[in-house]
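Biologist: Could you walk me through reading this model, one feature at a time? I would like the general idea and then the case at hand.

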Amino acid sequence: MISRVRTLCFCAALIATAANAQLAARKADEWVTTLEGPQRVATQKVDQVIAKLNLKPGMVVADIGAGSGLFSRPLATAVAPNGKVFAVDIQQDLLNYMDKRNKEEHIRNTQTVLGEFNDPKLPRRDVDLAFINDVLHHIENRAAYLKNLGAYIKPSGRIAIIEMNKDDPNTPHKNQPELLVSRDQITQWMSDAGFKLVEEHADLFPGTKWFLIFGRQ
Ligand SMILES: C[S@@+](CC[C@H](N)C(=O)[O-])C[C@H]1O[C@@H](n2cnc3c(N)ncnc32)[C@H](O)[C@@H]1O
């Protein structure tokens, strides 16, 4: 009996661990080399994406899964001087990289935040825009994450999601089904979190990525 209980506890622990995984994780130096590589940067259309977000000085932005800060830095510029960017990541080593780089580049309106697997752990609940580029597929429990994220967004706030189109025949993770997310799934998770699609920019990444912006229902 005791051994059966022990086995059950062990299995429960394994399931709990599996539910809190980062999919396709890498070390910080590998991430930085990949994320800041010229080929990747060219495909991200950073300036055009930032322009579509319609940010104003003074706004509060959360860059979810900020990585090396490729987007956090121009986001900080867009809301400067008195706006703020929270650059959230699950890896402390990436936060350290961003802190160092922000200091070197005299970016003073960004605060790095160590998130949890299912919760960004933002220090404020008046976020104007949460921005999630190339991150959703790394999160195992996407529905729970988006629901928790919604609680940090102010009533007029928005959540912008850019994610790879799983039906693109050349999509990078086509042989890793666990990393594929559909547009319908995203809109359903967002609806369950209390958000509806208010804007879509299909022209920026035709066929390859979705660029969806949600506001409260
Ligand atoms: C492909 S990178 C994208 C980085 C950045 N958004 C960009 O586009 O350059 C994915 C990032 O998501 C982070 N990440 C994965 N799971 C996460 C989670 N549950 N919460 C926050 N960040 C997460 C990873 O550590 C990594 O930095």
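Predicted model: local features only at pLDDT ≥ 70, side-chain atom pairs only at ≥ 80, totals over all residues.

Biologist: Where does histidine 106 lie, and what is its phi?

Modeller: Histidine 106 sits in the loop between α6 and β3. Its phi is positive, about 55°, although the residue is not a glycine. Lysine 121 also has a positive phi of about 55° without being a glycine. That lysine belongs to the loop between β3 and β4 (127-133), and it counts as partly exposed because it has 13 C-beta neighbours inside 10 Å.

Biologist: Which peptide bond is cis?

Modeller: The one joining alanine 80 and proline 81, with omega at about 5°. You will find proline 81 in the loop between α5 (72-79) and β2.

Biologist: How should I read the layout around β2 and β3?

Modeller: Begin with the pairing: β2 and strand β3 (residues 110-114) run in the parallel sense, with 5 bridges between them. Aspartate 89 is opposite leucine 114 of β3. For the whole protein, the count is 8 helices and 7 strands.

Biologist: Which residues have the most contacts inside the largest nonpolar core?

Modeller: The general idea is that nonpolar side chains tend to be buried together in soluble globular proteins. Here the largest nonpolar core has 53 residues, and Val61, Ala62, Ala130 and Phe131 have the most contacts inside it. Setting aside residues up to four places away in sequence, alanine 130 touches Ala62, Ile64, Leu149, Ile153 and Ile159. Of the protein's 217 residues, 35% count as buried.

Biologist: What share of the contacts joins residues at least 24 apart?

Modeller: Among contacts between residues at least 6 apart in sequence, the share is 71%. Leucine 197 and alanine 160 are 37 residues apart in sequence, with 9.6 Å between their C-alpha atoms. Leucine 197 is part of strand β6 (residues 195-200), and it is partly exposed because 15 other C-beta atoms lie within 10 Å. Beyond its neighbours within four places in sequence, leucine 197 is in contact with Thr187, Leu212 and Phe214.

Biologist: Is aspartate 29 buried or exposed?

Modeller: Aspartate 29 counts as exposed because it has 11 C-beta neighbours inside 10 Å. This residue is in helix α2. Its C-alpha atom is 9.0 Å from that of tyrosine 97, which is 68 residues away along the chain.

Biologist: And how many residues surround the ligand?

Modeller: There are 21, and the closest are Gly65, Gly67, Leu70, Asn133 and His138. By class, the shell holds 12 nonpolar, 7 polar and 2 charged residues. Two elements to look at here are α2 (28-35) and β2 (84-89), each of which supplies at least two residues of that shell.

Terms used
Residues numbered from 1 in each chain as written. Near = placed C-beta within 6 Å. Helix = DSSP H or I, 4+ residues; strand = E, 2+ residues; numbered from the N terminus. Nonpolar A, V, L, I, M, F, W, Y, C, P; charged D, E, K, R; others polar. Pairing = 2+ DSSP bridges. Core = buried A, V, L, I, M, F, W, Y, C linked by C-beta atoms within 7 Å. Buried ≥ 20, exposed ≤ 12 C-beta atoms within 10 Å, placed from the backbone. Contact = placed C-beta atoms within 7 Å.
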